[in-house]
Amino acid sequence: MCRAKYDLMVGGKVEYGISKQLTEYSSLAAIVKLSQDTGVNLELVLTRGQHSYRFDILFSDVIEPTAAIYGTCFPFFVYSALHWLVIKPYLKRKKAEDKEAQAEERSEQLKRAKEEAKDAIMLMKSTYERNVNAEQYKGGLVLIQAWYGVFGGSSRLSDVTIPLQCLVSNSKTNLARTK
């Protein structure tokens with residue numbers, strides 16, 4: 001955001017500046033004030049949450065072009081240095097921490113899902129045994145092995161023999177459709 005202000009009543013006062021939203025809770029503003037009364041001033045304002053920190057820098061008691069140029073360029077160089085040396089590394093580190101936390105959360109969810117699946121299979125054991133005995137008695141469909149996943153890596157394969165055998169009824173596998 002950029003703004004400019006001119007006031008004739010105070011004896012010729014000109015203000016121009018720029019502000020930048022750094023993060024969700026903080027912003028930085030730089031305002032150059034040219035006035036016949038005070039000369040060339042630079043006001044830096046850092047706002048973090050509900051707190052504001054103001055820094056006034058006097059470049060000259062009178063209006064001089066070089067002081068006005070320094071007042072204009074100084075905030076740009078300070079912001080560039082802060083951006084590359086502090087802000088950007090902080091945001092990069094924060095993003096990496098968030099990504100790591102999400103990966104850890106996904107890992108925990110997967111671990112819980114695997115435990116729930118193992119518990120469900122344990123509960124299916126008696127149904128599985130009844131189903132196998134019934135199918136063997138009538139010479140029906142008995143599954144020896146059933147695997148699900150990507151072959152080539154043992155951690156990517158799951159033994160689904162018990163759940164799949166529980167779906168066998170009258171020598172047919174009844175699989176529900178999914179989208």
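These notebook entries record a look at salt bridges in a predicted model.

**Basis.** I worked from a predicted model, in which local features need pLDDT of at least 70 and side-chain atom pairs count only at pLDDT 80 or more, while totals for chains, interfaces and linings use all residues. Residues are numbered from 1 along each chain as its sequence is written, and side-chain values use heavy atoms, with hydrogens and water left out.

**Entry 1: search.** I searched the whole structure for salt bridges (a side-chain nitrogen of Lys or Arg within 4 Å of a carboxyl oxygen of Asp or Glu). The search returned 5.

**Entry 2: K33 and E43.** I found the side chains of K33 and E43 joined by a salt bridge, at 2.6 Å from N to O. K33 belongs to strand β3 (residues 26-35) and E43 to strand β4 (residues 39-48), so this pair ties together parts 10 residues apart in sequence. Strands here are DSSP runs of E, at least two residues, numbered from the N terminus. I then looked up accessibility, where buried means under 20% relative accessible area, exposed over 50% and partly exposed in between (1.4 Å probe, protein chains only). K33 is partly exposed at 21%, and E43 is buried at 8%.

**Entry 3: E43 and R54.** E43 also forms a salt bridge with R54, at 2.5 Å from N to O. R54 lies in strand β5 (residues 51-60) and E43 in strand β4, so the pair links parts 11 residues apart in sequence. I noted R54 as exposed, at 55%.

**Entry 4: E135 and K138.** I recorded a salt bridge between the side chains of E135 and K138, at 3.8 Å from N to O. E135 is buried at 2%, whereas K138 is partly exposed at 46%.

Definitions and conventions:
Helix = DSSP H or I, 4+ residues; strand = E, 2+ residues; numbered from the N terminus.
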